[in-house]
Amino acid sequence: MSVSTAAGRMEAWSFPPRIDASYIPPNDQRYWHPVRETMPPDERDAAIAVRLREVMRHAYKSSAFYKKKWDDAGIDPESIRSLEDFERVPVVTKAELRASQAAHEPYGDYLCVPESEIHHIHGTSGTTGKPTAFAIGRNDWQTIGENHARILWGMGFRPGDTIFFGAIFSLYLGSWGAMSGAERMKARSFPFGAGAQGMTARAAQWLAMVKPAGFYGTPSYALRLAEVAREEGYDPRAFGLRTLFFSGEPGASIPSVRDRIENEFGARVIDTGTMAEMTPFMSAAGSAESHEGMLLWQDMVYHEVCDPATYARVPYGEQGTPVYTHLERTSQPMIRLLSNDLTHWVMEENPCGRTYPRLPKGVHGRIDDMFQIRGENVYPSEIDNVCNAIAGYGGEHRIHISRAQTMDELLVRAEYDATVAAGGDAAIAAFRRTLGDQLRKVLGVGANVEPVPPNTYERTDFKARRVVDDRDLYGQVYQSTHPH
Ligand code: 8LH
């Protein structure tokens, strides 16, 4: 089948996208766009190759950033004819975006639409350094709503369902982006938010009153919400939630964390999320039937999992770093944005029938967050998985990495729960032993374990930061005591 026929068969797939805002599938239809979602992957890939060229053409002619970048690399958008050709296109780093915005305030020289077309401004929530601004065009906001509606539909949401957004509404694109999909599919949105003092107790009160079908937030916050709800006398299972979907951090694809949340709320957990720059960031997402890990909805955003050194795609089954390309954004389109996260991908039959590749264990974490203990690579998410699976775990922990002489040392400080506390020293010692044994088994190296009382650590309304890396401190001390 020729590319144009394949592309022609894909419902309303063009660049720039043309959207029929009145379209909603019948309630019993599994797919929003049956052809796009279930077509043979090679036909989709052929159509994506055409689309990549169109997006590149748009970026090349409307942005000095991409023109210079590709001219310098000797890349002509017209020469990109296949997915293999596309791997020659240099990746874009977040540092380049920051530099572009510093030189061309506030949106950078990769805006690609007139400023008058900007519909939403968002930004990075980082508290250090200069923030990055996200400018989203009016048409793009509509496309984002359309894309997220498709994904929420795939998760099993339908018009009339109430979805509670328990995440910060301000700079953070997560809440706004997810809600745009709920609005598009005519669900009932409850933009409750998060982050203000006393808001979690009130969230429990409202959830008990409104009984929504869906909840959106971060996995860390859902666990905190369950704790606070119980303290306030609510049973989170009585909220009647059907599905909680999460983005922003690993958790929803960490088996023991997912199980913990599913047990707390008596509801299904679905993972989603790429990066704010990549909004529609839900283009990696689980579906109602394929709820483990995330499907890569390749016709919205083209996801590659690449070798972190060469940025060429790794074969299915292997590990690499996600590199993302917008296929439907005209404002600030990201073309090969490097995530610096780590994941592995597979191409298998999906229970939902969609023919997308999948990240069976979601996104494992940031490459920077990985550390080495006696030659073994260790991910914070593996430690999260062990802690959450241990009976008597109190809900929070911290991972300390330090350097004693020349070797890195790992110390896990983990809260025990009230039951362990009631059992006294013997129960605490048993908790320490079990956690130590499990960590050794899973990580392949020993870790020091220090049990700490319930509620030692602050909970978060947003993304958890559990790693305390003291090696820099060691480095500074080392350098000051070993002048060269
Ligand atoms: C994840 C996940 C996930 C994000 N599993 N790690 O929430 C989605 C968007 C809006 C977001 O959080 O964007 P932001 O603030 O730019 O952060 C992106 C990073 O967050 C990403 O590179 C990952 O390291 C992490 N992340 N969703 C695991 N489902």
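Select Val-210, which lies in helix α9, residues 199-210. Helices here are DSSP runs of H or I with at least four residues, strands are runs of E with at least two, and both are numbered from the N terminus. This is a predicted model, in which local features need pLDDT of at least 70, side-chain atom pairs count only at pLDDT 80 or more, and totals for chains, interfaces and linings use all residues. Residues are numbered from 1 along each chain as its sequence is written, and side-chain values use heavy atoms, with hydrogens and water left out.

Val-210 counts as partly exposed because its relative accessibility is 32%; the class lies between buried (under 20% relative accessible area) and exposed (over 50%), with a 1.4 Å probe and protein chains only.

Next, go to the ligand. Which residues are closest to the ligand? They are Tyr-172, Ser-247, Asp-271, Asp-341 and Lys-463, out of 18 that surround it. A residue is near a molecule if one of its heavy atoms lies within 4 Å of it.

- Thr-272: a backbone N or O atom is 2.9 Å from a nitrogen atom of the ligand.
- Glu-249: a polar backbone atom is 3.3 Å from a ligand nitrogen atom.
- Arg-366: a side-chain N or O atom is 3.3 Å from an oxygen atom of the ligand.

Last, select Asp-469 in strand β21, residues 467-469. Asp-469 is partly exposed because its relative accessible area is 36%. From Asp-469, the C-alpha to C-alpha distance to Asn-263 is 32 Å, and the two are 206 residues apart in sequence.

Note on methods: A polar contact is a pair of N or O atoms within 3.5 Å; within protein, one must be able to donate a hydrogen and the other to accept it, and residues adjacent in sequence count only if both atoms are side-chain atoms.
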